[in-house]
Structure formats: C-alpha cells, structure tokens
Amino acid sequence: MEKKLKQLTDRIHYLPHDPETDRPILSAICGTHQTLIIDTGNSAKHAKLFLNELDRCQIKNHHAVVLTHWHWDHSFGANEMNKFTIAHEHTKTHLEKMVEYDWTDEALADRVEKGLENSFCSEMIKKEFGADRDITIALPNITFKDKLEIDLGGIQCVVKHVGGDHSDDSSLIFAKEEKVLFLGDCLYPSIYTQQPQYKVDNVRHLLENIEMFDADVYVLSHEPLLAKEDFKGYINLLKLICNLTEKHERNHLNLVNELSAQLNRKLSQLEEEVVYCFMNGL
Ligand SMILES: [Zn+2]
C-alpha cells in the first residue's frame with residue numbers, strides 16, 4: 001500500500017488508507033498559522049508514519065488533531081501523536097469506557113462475545129499490534145456539542161457533529177476555502193449491531209446534514225477520494241434505496257427488482273450489501 005503523503009489540494013495533504021490493517025486516511029489541513037490534523041491513526045506505528053511524512057514534507061505548526069469518531073482505527077494513535085485533541089462529547093464518553101480495557105486475545109474474545117467489540121475490528125487489532133499489544137487510550141482535551149469553527153489562517157474549518165448509523169458521535173470536517181469535506185466513517189453502516197444496518201430515518205437525516213456543505217472533493221476514511229459527481233451518485237443511490245425500502249418494506253425481492261429496473265442493470269456487490277443493511281435496519 002501507499003505509505004507516502006499525498007497532496008489533495010495546495011494546502012491539504014493526506015496519507016491514503018491501508019486495508020491491510022484497516023488504517024483510515026489521515027489528513028493535514030495547512031493554514032498560514034496552524035496545521036490541523038484529522039484523526040490519529042490506528043496505532044502508535046500509524047501515527048509515527050504520518051508524523052514522519054509531515055516532517056519529510058516540511059509540514060509544520062501541527063499542534064492539534066480532531067477526531068472524526070471514537071473507533072479504534074481513528075483514535076489509538078492519539079497517545080503517540082501527543083497533540084491537543086478535539087472531539088465530540090460522545091467521542092470522549094466512548095473513549096473513557098475503553099481506558100480500562102485489556103487487549104489480550106482472551107479479553108478481546110470476551111468483548112466480541114458480549115457484543116462490545118466487533119469481530120472484524122478484533123482481528124484487525126491483533127494484526128496491527130501483533131502479540132505485544134501496548135495500547136494506551138488518550139482522551140480528548142476539548143469537546144464540543146454541535147459544531148466548532150477553527151481558523152487556521154486563510155482556511156476556515158467547520159467541525160460538525162452529524163451522528164448516523166455507523167457511530168452516534170460521527171463528526172465531519174469541512175475545509176471551506178479548499179472545498180474539501182472529510183466524512184470519516186459516517187456514511188458506513190453500524191458495526192456494533194448483530195448485523196450491519198442502515199435505518200431509513202437516520203440515513204435521511206445524515207444526508208441532509210452532509211448536503212449543507214458544498215464540496216469539490218469528499219473524503220471517506222476507508223476508500224479513494226471521491227469527486228463531486230461520484231459522491232452525488234453515491235448519495236442519490238442511498239436516497240433511492242431509502243425510498244424503496246419504505247415502499248417495499250420486508251419484500252427484499254421486489255426491492256431488488258425495482259432498484260435494478262431503475263438503474264437499468266444488475267446490482268453490484270456493494271449495492272446488494274447496502275440493500276441488505278437497509279433490510280437489517282427494518
Ligand atoms: Zn468507524
């Protein structure tokens with residue numbers, strides 16, 4: 001995988017995601033006074049890689065990081081980053097619960113059993129950290145309830161809580177002048193339910209919040225960047241499935257048939273999975 005910092009716009013750089021151990025994208029928004037980092041990475045190693053890349057590219061003045069949500073892959077690098085950490089109040093509450101956790105195979109298996117941990121995340125944690133799991137959860141230094149505006153010098157950033165099925169604390173970051181919207185994982189389905197799910201009302205509410213921001217580039221943490229048109233296609237598909245889920249309710253076959261007729265083709269595997277998540281949310 002790509003382990004080098006890439007340029008997103010003149011003033012935004014990012015380290016691409018790495019599916020090997022589920023590492024999300026890490027970004028740096030560089031104003032004239034301050035650089036704001038988005039997410040801390042899934043481990044000390046991931047955080048170090050990112051900080052070394054910032055050094056190599058001579059990106060300075062990074063004193064603060066904002067978390068998109070509490071999940072391990074976005075927050076476990078916080079202790080290593082050792083910066084002023086900004087997060088939604090629910091993000092802090094979730095992280096506080098994890099401070100006392102053990103990370104042995106037994107402890108992980110026990111939490112998976114109890115539904116407190118997701119089995120995919122548990123496997124990825126083992127893979128990222130190996131046998132010697134030295135995990136220290138660092139708590140955010142400052143929290144917000146709805147939104148925050150941060151002036152980096154020539155770049156204004158809006159940090160807004162949007163919630164959604166994936167995680168109730170999900171927040172997005174909009175870099176106004178650069179027209180880049182960082183969505184974290186907010187558009188993904190839930191992962192701490194028995195089956196991954198989307199609820200129609202939650203998705204609609206989330207999309208309304210997202211559409212308040214007019215961006216040219218959309219950053220979802222675990223995939224390549226999306227240009228405006230591709231993102232619109234993604235949003236429209238979700239809206240269409242919301243409507244069809246309401247119309248057909250539990251009749252999965254009718255839903256798939258009508259969706260396929262409207263798209264004028266067979267569904268892709270991703271689309272099949274999205275429909276499945278909406279069925280699980282009924
Ligand atoms: Zn997540």
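The secondary structure of this protein, which we see here as a predicted model, comprises 10 helices and 13 strands. How compact is the protein for its length? Its radius of gyration is 19 Å, close to the 19 Å that the globule rule gives for 282 residues, so the protein is as compact as a globular protein of that length.

Let us turn to the interior. Of the 282 residues, 54% are buried. If we take the contacts between residues at least 6 apart in sequence, 60% of them join residues at least 24 apart.

Which residues touch the most other members of the largest nonpolar core? That core holds 38 residues, and the answer is Leu181, Leu183, Leu187, Ile210, Phe231 and Phe278. Several elements each supply at least two residues of this core: strands E10 (171-175), E11 (180-184) and E12 (217-220), together with helices H7 (200-210), H8 (228-248), H9 (252-263) and H10 (269-280). Helix H8 gives the most, with 9 residues.

As for charge, the protein carries 31 positive and 46 negative side chains. The centres of these two sets lie 2 Å apart.

Definitions and conventions:
Residues numbered from 1 in each chain as written. Predicted model: local features only at pLDDT ≥ 70, side-chain atom pairs only at ≥ 80, totals over all residues. Heavy atoms only, no water. Helix = DSSP H or I, 4+ residues; strand = E, 2+ residues; numbered from the N terminus. Rg over C-alpha atoms; globule rule 2.2 N^0.38 Å. Buried < 20%, exposed > 50% of the residue type's maximum accessible area, 1.4 Å probe, protein only. Contact = heavy atoms within 4.5 Å. Lys, Arg positive; Asp, Glu negative; His and termini not counted. Charge placed at Lys NZ, Arg CZ, Asp CG, Glu CD. Core = buried A, V, L, I, M, F, W, Y, C linked by side-chain atoms within 4.5 Å.
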